[in-house]
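The exercises below are to be worked with the sequence and the coordinates open. Each task is followed by a solution in steps.

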Amino acid sequence: METISKATLSNHLKLDTKEMTHISDKLNDLLSDYHIFYQNVRGFHWNVKGENFFDLHVRFEELYSKLYENIDELAERIVTIGFVPMHSYSDYLKQTIHKEITDVSNGEECVKHVINGLGILAHSHRAVAKMADEAGDIATADLLTQFLGDLEKRMWMFTMFSK
């Protein structure tokens, strides 16, 4: 009777465990950034006021819905490569480069925060995608590249709104 060995990075994915551990850490940093940015955007959605309320309320909802999808895919990728995604806000707050943004209701100020947050995420995606590509983890690199294209398009759209 043939025994089936446990799937590991080295025997099934043929990826270097040390490199993938580092990539997993960086993916968890991204996961932290996503969660804090997601919550900021939810706050903008709930609290925005002013003449652009109707437009911004909808756009913020579209954005946080997409961020939520990315959060799930990112966490599942971490599991797929054999690691554990962080799952507590206390850990997210320790790891993130985003700041919690509270008590903002002015539409223009909300949009500035969104543009900045999207830019931070885009920069991080590029760095982690490059690391993943160099490690031969093209699936992670591809996932992050897809996310990046969407983030950049949304950043452009919010930038055009703020002009």
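**Exercise 1. A charged pair on a helix**

Is arginine 59 buried, partly exposed or exposed? Then find its salt-bridge partner and describe the pair.

Solution. The model is a predicted one.
Step 1. Buried requires under 20% relative accessible area and exposed requires over 50%. The relative accessibility of arginine 59 is 41%, so arginine 59 counts as partly exposed.
Step 2. The partner is glutamate 62, and the closest N and O atoms of this salt bridge are 2.8 Å apart.
Step 3. Glutamate 62 has a relative accessible area of 38% and is therefore also partly exposed.
Step 4. Glutamate 62 and arginine 59 are three residues apart in helix H3, which means a separation of about one helical turn. An α-helix has 3.6 residues a turn, so residues three or four places apart point the same way.

**Exercise 2. Two further salt bridges**

Describe the salt bridges of lysine 66 and aspartate 150, and state whether the residues are buried or partly exposed.

Solution. 
Step 1. Six salt bridges are present in the structure.
Step 2. Lysine 66 bridges to glutamate 69, with 3.6 Å between the closest N and O atoms. These two residues of helix H3 are three apart, again about one helical turn.
Step 3. Lysine 66, at 22% relative accessibility, is partly exposed. Glutamate 69 is at 42% and is partly exposed as well.
Step 4. Aspartate 150 meets arginine 154 in a salt bridge, at 2.7 Å from N to O. Both lie in helix H6, four residues apart, about one turn of the helix.
Step 5. Aspartate 150 and arginine 154 are both buried.

**Exercise 3. Checking and placing helix H3**

What span should the 28 residues of helix H3 have, and which elements do its buried residues pack against?

Solution. 
Step 1. The expected span is 1.5 Å times one less than the number of residues. For helix H3 (residues 53-80) this should come to 40 Å, and the end C-alpha atoms are 40 Å apart, so the two values agree.
Step 2. The buried residues of H3 include Leu56, Phe60, Leu63, Tyr64 and Leu67.
Step 3. The buried residues of H3 pack against H2, helix H5 (107-134) and H6.
Step 4. After H3 comes glycine 82, which has a positive phi, near 100°.

**Exercise 4. Aromatic rings**

How many aromatic pairs does the structure hold? Classify the pair of tyrosine 34 and phenylalanine 147 and the pair of phenylalanine 53 and phenylalanine 54.

Solution. 
Step 1. The count of aromatic pairs is seven.
Step 2. For tyrosine 34 and phenylalanine 147 the ring centres are 6.3 Å apart and the planes make an angle of 70°. Planes over 60 degrees apart count as edge-to-face, and this pair is classed as edge-to-face.
Step 3. Tyrosine 34 sits in helix H2 (residues 17-47) and phenylalanine 147 in helix H6 (residues 138-161), so that the pair links parts of the chain 113 residues apart. Both residues are buried.
Step 4. Phenylalanine 53 and phenylalanine 54 are also edge-to-face, at 5.2 Å centre to centre with 75° between the planes.
Step 5. With 28% relative accessibility phenylalanine 53 is partly exposed, whereas phenylalanine 54, at 66%, is exposed.
Step 6. Phenylalanine 54 belongs to helix H3. Its C-alpha is 12 Å from that of phenylalanine 44, ten residues away in sequence.
Step 7. Tyr38, Tyr64 and Tyr68 are joined into a cluster by ring pairs. Arginine 42 lies over the face of tyrosine 64, at 4.4 Å from the ring centre.

**Exercise 5. The whole chain**

Solution. 
Step 1. The protein chain has six helices and zero strands.
Step 2. The C-alpha trace spans about 70 × 30 × 25 Å along its principal axes.
Step 3. Of the 163 residues, 40% are buried.
Step 4. Among contacts between residues at least 6 apart in sequence, 78% join residues at least 24 apart.
Step 5. The accessible surface is about 9600 Å², and carbon and sulfur atoms account for 53% of that area.

Definitions and conventions: Residues are numbered from 1 along each chain as its sequence is written. This is a predicted model: local features need pLDDT of at least 70, side-chain atom pairs count only at pLDDT 80 or more; totals for chains, interfaces and linings use all residues. Side-chain values use heavy atoms; hydrogens and water are left out. Rings of Phe, Tyr and Trp (its six-membered ring) pair if their centres lie within 6.5 Å; planes under 30 degrees apart count as stacked, over 60 as edge-to-face and the rest as tilted. Buried means under 20% relative accessible area, exposed over 50%, partly exposed in between (1.4 Å probe, protein chains only). A charge sits over a ring if NZ of Lys or CZ of Arg is within 6 Å of the ring centre and within 35 degrees of the ring normal. Contact means heavy atoms within 4.5 Å. Accessible areas come from the Shrake-Rupley method with a 1.4 Å probe; for residues, only the protein chains shown count as cover. A salt bridge is a side-chain nitrogen of Lys or Arg within 4 Å of a carboxyl oxygen of Asp or Glu.
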